[in-house]
Amino acid sequence: MESLQIKTASKKYPVYFGERILENLHSVIEDVCPSVSNILVISDETVYKHHGKALMKELPNQALSYILPSGEGAKSFEHFYNVQTFALEHGLDRQSLIIAFGGGVVGDLAGFVAATYMRGIPFIQVPTTLLAHDSAVGGKVAINHELGKNMIGAFHQPEAVFYDISLLETLSEKEWRSGFAEVVKHALIYSTTFYDWLKSSVSTFEDLKGETLIQSIKEGIKVKAEIVANDEKETGIRAFLNFGHTLGHAIEAELGYGEITHGEAVVIGMCFAFEIGKELIDTTFPLEKLKEWLHKLGYRTDIPQGLDKNNLVAKMKADKKAQHGQINMVLLKEIGEPLLMKVDEKTILSLLSETSK
C-alpha cells in the first residue's frame, strides 16, 4: 500500500492507494479518527451491491449504511436532506465518521453532509471509480441545482482518502471513459512528460490495469495535490483544475444530469477551450492529434446536436469562475501553461455554432 500526503492551508491528510488493500481500512480509521463514536457509510445501489459486504466486514458491527440511487440525480437537495434526517434519527454526534463509498456523486454528497452535519464532522473518501481520483482529493463537496452543477457546497477536507483499485474492476467502459478524462486534464494543465506518457501507455481502456492504472492515478493526484496545496479555496490557480469544465458543466446541465457522463462532457469542454485558445492567445497545441487519440478511446469531441447555444452561454455565465456576468475560461497556451481569461459571448457563440456542425 502506497501513500501520498495532501497538504492544504487548513489540513494535512493521507491518500492511500494500492490493489486489494480494503483489509487495511480499519487501521487507517484508527489512525486518523481514533476516538470515533459511530460510522455511517454512504454509498449507492450499484457500488453497494458489488462491494458493500466486503466494506462492512472491515467496519465495526454497529456501523450504519445509507444507500442512494445510482447516478448524478442523487446529488440533489432532497437526498442531502434525507441523509441528514437519517443521521439525526440514528444519533450521530460530532465524533461520528462518515465514509463516502462510491464515485464522485457519492463523494460530493457524502462530503457535503459531513461538512454541514452539526457544523462539520469527519469523513473518509473510499473512491470506487477512476473519476473519483480527482473529486475525492481537495475537499470540494457539493450538490447540484437545476440552474447549475455543484452550486451548493463547501470546502471540507477529508481525514483520509483510501483508494483500492480492485474496486474499479466492476466499472463499465463508460465509467472508465468518464474518469480518464480527468487524468488527461491533469496531464494537459501540468506536464508534457505526463501527457506523452499517457498517450504512449493508453491506447484502449484495457491498458488501464495494474501498474499503469496506479501510475495514472498517482500522477493525477500529485498534480491536484500541488495545486490544492497552494490554493485550497480556489482564489487563484486552483481554477486551472476546471479546464474543460466551463462548457462541460453547461452541457451536463442542458442535456439533463446523467445524460452524458462528467468526463465525456469535460472532454468536449477541453477541445472547445483549445478552439477558444486559437482565437484569443494563438495557441499552437496540435488539437487534431489529441482528438484522434480521444476518438480512438471512444470520446466525442463536438458539441451535441440540438443544444440551444444561448442556453449554454447562460449556464456558462453562471459558472463559479464567472464574475459580474463575464465568462472566465481556463485556456492553455501550451501543455502545462494554463491561464484564466475573460471570453466575450460573441466569440463563444460563434465557436459553439462552428463546433456543433
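For the entries below, I take lining residues as those with an atom within 4 Å of a point of the cavity or pocket, and helices and strands as DSSP runs numbered from the N terminus. I note that the model is predicted.

Entry on the cavities. I looked up the count of cavities of 30 Å³ or more and found 2.

Entry on the largest cavity. I read a volume of about 90 Å³ for the largest cavity. Strand S8 (148–155) and helix H9 (245–255) each supply at least two residues of its lining, and H9 contributes the largest share, 4 residues. Among the lining residues I listed Leu 147, Met 151, His 249, Ala 253 and Asp 319. By class I recorded 5 nonpolar, 3 polar and 4 charged residues.

Entry on the second largest cavity. I read about 40 Å³ for this space. H9, helix H10 (262–280) and strand S10 (327–332) each give at least two lining residues, and H9 gives the most, with 3 residues. The lining includes Phe 243, His 245, Gly 269, Ala 273 and Met 329.

Entry on the second largest pocket. I read a volume of about 310 Å³. Its lining has 18 residues, and Trp 176, Phe 205, Glu 206, Leu 208 and Lys 209 lie nearest its centre. Helix H6 (173–190) and helix H8 (210–230) are the elements that give two or more residues to this lining. By class I recorded 8 nonpolar, 4 polar and 6 charged residues.

Methods:
Residues are numbered from 1 along each chain as its sequence is written. This is a predicted model: local features need pLDDT of at least 70, side-chain atom pairs count only at pLDDT 80 or more; totals for chains, interfaces and linings use all residues. Side-chain values use heavy atoms; hydrogens and water are left out. On a 1 Å grid over the protein atoms alone, a cavity is a set of points where a 1.4 Å probe fits but cannot get out, and a pocket is an open set with protein on both sides within 12 Å along at least five of seven lines; lining residues have an atom within 4 Å of a point. Grid points are joined across faces, edges and corners, and a volume is the space filled by probe spheres set on the points. Ala, Val, Leu, Ile, Met, Phe, Trp, Tyr, Cys and Pro count as nonpolar, Asp, Glu, Lys and Arg as charged, and the others, Gly among them, as polar.
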